[in-house]
Amino acid sequence: MRRTTYIQALNEALREEMQHDQNVFLIGEDVGHYGGLFRVTRNLLDEFGEKRVLDTPISEQAFMGMALGAATVGLRPVVELMYMDFTLVAADQIFNQIAKYQYMTGGLLNVPLVIRGQQGGGKRYGSQHSQSVDSLYAHFPGIRVVAPATPYDAKGLLKSAIRDDNPVAFLEHKMLYFTRGEAPPPDEEYLIPIGKADVKREGADLTIATFSYCLLQALEAAETLQEEHGIDCEVVDLRTVEPLDTETVWESVAKTGRLLAVHESYANCGVGAELVARAYEEAPQLLRAPARRLGMAPVSIPVSRVLEEEALPWKNDIIATVLEMERG
Amino acid sequence: MQLANSATDVDATEDGGVQATVTNASDIESRAVSTSITTDVLPSMSATDLDVPALSTDLLVEMYKKALTIRLMEEALLASAEEGQIGGAMHTAIGHEANAIGAAAALRRGDYVTCTYRGHHHGLAWGMDPGRAIAEVMGRSDGFAKGKGGSMHFVSPEHGMMGANGIVAAQVPHAAGLALASHIRGEDRVAITFFGDGALFQGVMHETFNIAAKWKLPLIFYCENNRYSEMTPIWRTSSIEDIYLFPRSYGMDSMQIDGNDVEVVHAAVSQAAERARSGAGPTFIEGITYRLAGHMAGDLETYRPQEEVEKQQAYEPLTVLRQKLLARGVDDARIAAIDEEIDEMIDEAVAFAENSPWPDPAETYLDVFVSTTYGEE
């Protein structure tokens, strides 16, 4: 194993899948000559040429719709949204078209494409460039939603997403891009199945189910809780939020009896609300205390470092919530 | 052309027709509400030098059969809707048939088409079966999408028919993506996308104009200008009078043609397809046509005078085709025999659809994701 960045892992996944399948192509703003705003697609234009790495005008609706058209005849577009907030600009094509196309056509056509890009706060980009859209995507049937937190998972899951015959929203996080982690060398291929959670920290007292950058915050919170309060948290990385791997979560809750769901999208109508609701529907006997959820405060994301930190559901909020749960 | 701060105004002429002129925005208030430019039968001006070769009599006979099939199917659908057999919104293309038939005949097997929710005529022109089409609209199991798509989502990949769409202009980038696929793979397939005049005012239309022209995609934009955006006449919504001029600002060739004449449509689409296949990029065609029925089943049609519709009956696609056949020596008896043949065929198609079983309720949960049922994963 070697250590690599999240960005490098994504770049390798794209490169390997483009070598593996000539139907894979990249489309989006600045993905070609510039190599992507965050350099995820760096050097791919040189290697694969202008027919497979397409720089578009700033026309999210059009290139999202074009990706659908190309996918219906067997190409595998990987669409970069420079900020996942722009999902809302292309919302008709994503939710009315891509998510529904297979169903509306009675299965005559499918749409094997990936919509990828970074979301989330922490860099003071403000209300229109810091949102987390995982819960939004997960609300619509017909689209897979993946949000890996480590370079290893990012590479394996992006490769799987590109090979999946369903549309996949692949949600990166701007705070993860320069994080490092272990991954096999480029020539050792591996895939991580979509829909499988992964226990990132074992513990006995309370289950924190989370994903994306909140995983790192939860792991830090778990260390503090262990050291300062003697509370031993198990941290489950959902990795995929559609479909939710509730089996792995319930296995953990069977051990701990307590569940806290954490994510950066809004708590209201969010993935955490869904997970907690399912816990009460499917596994109420496992819960020895009320399950909780923690998400972004119900505000647009402010720019000021102080205000943004207040709004984000990060380490200190996780610790505070766990302590509340422990006190009952 | 007049530019900003002007709008199309309309004056009645002596023969009961109208002429479109342009006036200042400040005069708009005084315009009579019921007036529209839609009583013009033919394009207001010839926008292109289009050589229109005569099609063979055999092909014209086939086109007439197809046009009549579409017409009678849609009339049968309207009757079924009145009987309460069809739910939701159903938009017929009665009066639009020549646009689809002329275009389909000009393109090859392997080419792609996407279209609007007013898409029954495209589906049938591209080869879809009327019985299965009616079954789909009625939500029966023999519908081509098993009753999940209905009237607004005709689709048949085996015929290159890649989908009608319920959202105005949403199908336009899909066709651009199909054209892009052809470009990426180095194939010579072209894509054509049909939309109405109302679609011109959606942002995604203009985004797609720009990309298609910049990338020289093998794409044909075909606007069926029936001069009403749903219930609102185009002079109320368009900033310019002739919408074929919009794409010219994107560097695209465009033409305004008679959309009720299959030979004109065939010639225009043939020329556009040749350009597209040669790598010269997209073409915009504005086919002037008229919707003889309401925007949708149940439309009260309070926005246009009945005389306007009656005037259009004199120059609608079936009338034009019959005149062509008579001029070619196809006599009334032969036409009557065709009429009877198609009428019987549609009766059988309706019976097929009415006898088609309802889908198994379990079908509800299929096709959400590929090769799986929801909840089983």
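Residues are numbered from 1 along each chain as its sequence is written, and chains are lettered from A in the order in which they are written. In this predicted model, local features need pLDDT of at least 70, side-chain atom pairs count only at pLDDT 80 or more, and totals for chains, interfaces and linings use all residues.

Me: What makes α5(B) roughly parallel to α6(B)?
Reply: The axes of α5(B) and of helix α6 (residues 203-215) of chain B cross at roughly 20° and come within 9 Å. Angles under 35 degrees count as roughly parallel, and therefore α5(B) is described as roughly parallel to α6(B).

Me: Which residues of α5(B) and α6(B) meet, and how do they divide by class?
Reply: B:V172, B:P173 and B:A176 in α5(B) meet B:V204, B:M205, B:T208, B:I211 and B:A212 in α6(B), where contact requires C-beta atoms, placed from the backbone, within 7 Å. The residues of this contact are seven nonpolar, one polar and no charged, with Ala, Val, Ile, Met and Pro among those counted as nonpolar.

Me: Where does helix α4 of chain A bend, and by how much?
Reply: Helix α4 (residues 91-104) bends at A:Q97 by about 25°, which is the angle between axes fitted to the seven residues ending there and the seven starting there.

Me: What does each chain bring to the contact between them?
Reply: Chain A brings 35 residues and chain B brings 34 residues. On the side of chain A that touches chain B, α3(A) gives the most, with nine residues.

Terms used:
Helix = DSSP H or I, 4+ residues; strand = E, 2+ residues; numbered from the N terminus. Axes fitted to C-alpha atoms, helices over the stretch in contact; angles between N-to-C directions. Parallel < 35°, antiparallel > 145°, perpendicular 65-115°, else oblique. Contact = placed C-beta atoms within 7 Å.
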